[in-house]
Amino acid sequence: MPELPEVESVRRTLATQLLGRRITAVRVLGPHAVSPSDFGRRAAGAAFVSSSRHGKYLALHLDSGDILMCHLRMTGRLLYLPPRGRMNWPKQHTHVIMRLDDGGRLLFHDSRKFGRLWLTQQADFPSGVDAIEVRPEDLHWPGRKAPIKSLLMDQRLIAGIGNIYADESLFRAGIDPRMPAGELTDQDRARLAEAIRTVLADAVVNGGTTFMDYRDGLGREGRFASLLNVYGRAGEPCRKCGAVLRTARLGGRSTVWCPCCQRYNQAQ
Ligand SMILES: [Zn+2]
């Protein structure tokens, strides 16, 4: 599932192509993917003036006053196809085609059909602080017994972190993902906030992580998968200390960590 670095990569790659461009026509092939019901009529004629992102939500601001919002969910792709460019992916999963005044097209493609595009007057962003700007005090959850990893992935608290970057940030900070969130010390919070910002920034620089479906706004794969330290590496040796990486289900999600490098600060 795309997380903050992937959505930011989509935003950056699309911004270079879309800003200043006008939508000349809209074809909705998958009505389930868009809202409101007059999406096509409302979007046609508008030009892209700016872009923003919060957590995993992308917002493309139009000169009509509307904001074109996008959430990619599991397999969504928002793709710019240049003039005379050819689609090299399955057409049956393309749900929206917007023609642009440069002859290019903006496509919304989604094989699992959970992703959404919608028009709104005010950006529908989640309440959590954007993860790339997280500060130690944003991680202060006194008394909370839930595992730190579960709270990191709660979009109402911190917006933009999913399974991949939760595991990677906790490894970088040296904190066991099972540790109760309320037991983190000031030093833990400082280290974790810095780890989150660093991991996300590195992933953005590398265009995000592609395992299967994710592509940026120009259809390219991310390059961060080869730089992952723990996610997807259960049973393999830790890159730092050589210990075998452990895995368990945590909050319904598979979790990988190093039993040596990541500390469980039990209060006893
Ligand atoms: Zn280790």
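In this predicted model, 17 residues of domain 1 are in contact with 23 residues of domain 2. Contact here requires C-beta atoms, placed from the backbone, within 7 Å. Domain 1 covers 4-120 and domain 2 covers 130-257 of the protein chain. These bounds come from an automatic or database domain assignment. The C-alpha centres of the two domains lie 28 Å apart.

Residues are numbered from 1 along each chain as its sequence is written. As the model is predicted, local features need pLDDT of at least 70 and side-chain atom pairs count only at pLDDT 80 or more, while totals for chains, interfaces and linings use all residues.

The side of domain 1 that touches domain 2 draws at least two residues each from helix H1 (4-18) and strand S6 (76-81). Helices (H or I, at least four residues) and strands (E, at least two) are DSSP runs, numbered from the N terminus. H1 gives the most to this side, with nine residues. By class, the residues of this side are seven nonpolar, six polar and four charged. Ala, Val, Leu, Ile, Met, Phe, Trp, Tyr, Cys and Pro count as nonpolar; Asp, Glu, Lys and Arg count as charged; the others, Gly among them, count as polar.

S6 also belongs to an open sheet of four strands. The strand order is S1-S7-S8-S6, and the pairing is antiparallel. Two strands pair if DSSP finds at least two bridges between them. Strand S1 (23-28) and S6 are the edge strands, each pairing on one side only. From one strand to the next, the twist averages 15°. Within this sheet, strand S7 (residues 94-100) and strand S8 (residues 105-110) form an antiparallel pair over five bridges. Arg99 stands opposite Arg105 in S8. H1 packs on the sheet and touches S6 and S8. The direction of H1 makes about 25° with that of S6. Such angles run from 0 to 180 degrees between N-to-C directions, with axes fitted as lines to C-alpha atoms, for helices over the stretch in contact.

Further pairing involves strand S9 (residues 116-120). Strand S2 (residues 34-35) pairs with S9 in the parallel sense over two bridges. In this pair, Val34 stands opposite Leu117 in S9. Strand S5 (residues 67-71) pairs with S9 in the antiparallel sense, over five bridges. Here Leu68 stands opposite Leu119 in S9. Strands of a sheet pair through backbone hydrogen bonds, either parallel or antiparallel.

Notes:
Two residues are in contact if their C-beta atoms, placed from the backbone, lie within 7 Å.
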